[in-house]
Amino acid sequence: MKNDKVSAKALIPFLVFVGVYLITGIVLNAQGTELAFYQLPSPVAAIIGIIVAFIMFKGSIEEKFDSLIKGCGNENIIIMCIIFLLAGAFSTVSKQMGGVDSVVNLGMSVLPPQYITVGIFIISCFIAISTGTSVGTVVAVAPIAIGFAQAAGISEAMVIGATISGGMFGDNLSIISDTTIAATRTQGVEMKDKFKANFIIALPAAIVTIVLLLIFARPETIPTVKSYEYNIIKVIPYIFVLVSAIWGMNVFVVLTGGIILSGIIGISDGSFTALVFSQQIFEGFKGMLDIFLLSMFTSGLAYMVEREGGINWIIKQVRKIIKGKKSAELGISAMVSLTDLATANNTVAILINGPIAKEISEEYGIEPKRAASLLDIFSCVFQGLIPYGAQVLFACASIKGLNSPFEVVYLTWYPLVLAAFALLSIYVPYVERVSVVFKKTN
């Protein structure tokens, strides 16, 4: 039965959730705390919002608790949480068996030294799309990138900007990225379909970024080529996961296969024992605990807010601005962008805006894969540019004597180019035409 309630007050618990998260970050940042926006665990902020909902909303405690559990237990949310766990396990096991080091070293070994900045961007793209983490990519690549920059006489901020750019490219496209998982599950779309919708926009943006780096980031001197140790066998699990996911294999089979493949390689070469392998799987599960709990709590809170008419109120206000499909796509893009600016967490931004985006897309005839693509793209655009985001903060920590994170943000070009192509895709139907070509070739 459709809920006809409309209430602006019903949004207060959501605003409390975002407000507590935002204000805590601002206060801690003013006090000079490192990674200020990541000190308060987001599930705790969500719990505060849920408590406010229990206090505000009418009905018995049992009725409100039933609503919360019904939202937390939503089929898509449970599927999403299981995918989170498997993705965390794959990432942890593959890293433990030396996969990340091999990918980085392989890239550095084949990298032409005269194209060092472009190479760093491409390597970062591959690592992020393989591992599903832009922060992990920055942590892995940044120290090596700094060394190359010093040897080649290139701005350290330039190579770090290229590293962040590559990280955001992969974060946006990877099928094991938490942003992809959140975007696809909230919109009810297959990962391969969202990947194709994103790729049509991300690829030209990456090509333009490469051209800009070739023109403006040429080294003053050609750095000496160093020898890096790598094992090509350890790269295979990432290739398996990437190819099989794009091919359309079930995501649970893909991730489970990747975990088993990484485990076999790690046990065979002595990276870990069978017992340690099982422990690393659980470590991967634990690493996803925050996003697991956040997904359940935000879904439960969203369901409570929806029942009280909060989502309907937003849709009603949006209808006053949106005049058609194009403005609806702009609205979805703007909402997730503003939320990411407020929370400095692109997954949180997607989870908050996912239910609203789904309602808007259904009303204005936007394909689910397109809505998922816009949510992921614009959350990643701003996550790669905000100076208080984890990606920029970790990257800036690699540069000694840096005066301001804006020195790096200024040279992080890919997110800006990606935003330009995404906006272009709203007004020029080239995405739909390329999608038709994709369907014919498949």
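Which helix is I181 found in? I181 is found in helix α9, residues 178-187. The model is predicted: local features need pLDDT of at least 70, side-chain atom pairs count only at pLDDT 80 or more, and totals for chains, interfaces and linings use all residues. Residues are numbered from 1 along each chain as its sequence is written, and side-chain values use heavy atoms, without hydrogens and water.

**Residue I181**
- I181 is buried, at a relative accessible area of 0% (buried is under 20%, exposed over 50%, partly exposed in between; 1.4 Å probe, protein chains only).
- Leaving aside residues up to four places away in sequence, I181 touches M80, I83, F84, A87, I175, I176 and M191 (contact means heavy atoms within 4.5 Å).
- V392 lies 211 residues from I181 in sequence and 23 Å away in space, C-alpha to C-alpha.

**Helices α1 and α14**
- The axes of α1 (residues 12-30) and α14 (residues 289-307) come within 9 Å and cross at roughly 150°.
- The two helices are therefore roughly antiparallel (angles over 145 degrees count as such).
- P13, F14 and F17 of α1 make the contact with L294, T298, L301, A302 and V305 of α14.

- Y115, L203, I207, V211, L214, I215 and F216 make a nonpolar surface patch of about 630 Å² (patch residues have over 30% relative accessible area and no salt bridge, and nonpolar side chains are joined within 5 Å).
- Y115 sits in the loop between α5 (99-110) and α6 (116-131).
- Y115 is partly exposed, with a relative accessible area of 37%.

Terms used
Patches are made of residues with over 30% relative accessible area and no salt bridge: like charges are joined within 9 Å, nonpolar side chains (Val, Leu, Ile, Met, Phe, Trp, Tyr) within 5 Å. Accessible areas come from the Shrake-Rupley method with a 1.4 Å probe; for residues, only the protein chains shown count as cover. A salt bridge is a side-chain nitrogen of Lys or Arg within 4 Å of a carboxyl oxygen of Asp or Glu. Helices (H or I, at least four residues) and strands (E, at least two) are DSSP runs, numbered from the N terminus. Axes are lines fitted to C-alpha atoms, for helices over the stretch in contact, and angles run from 0 to 180 degrees between N-to-C directions. Angles under 35 degrees count as roughly parallel, over 145 as roughly antiparallel, 65 to 115 as roughly perpendicular and the rest as oblique.
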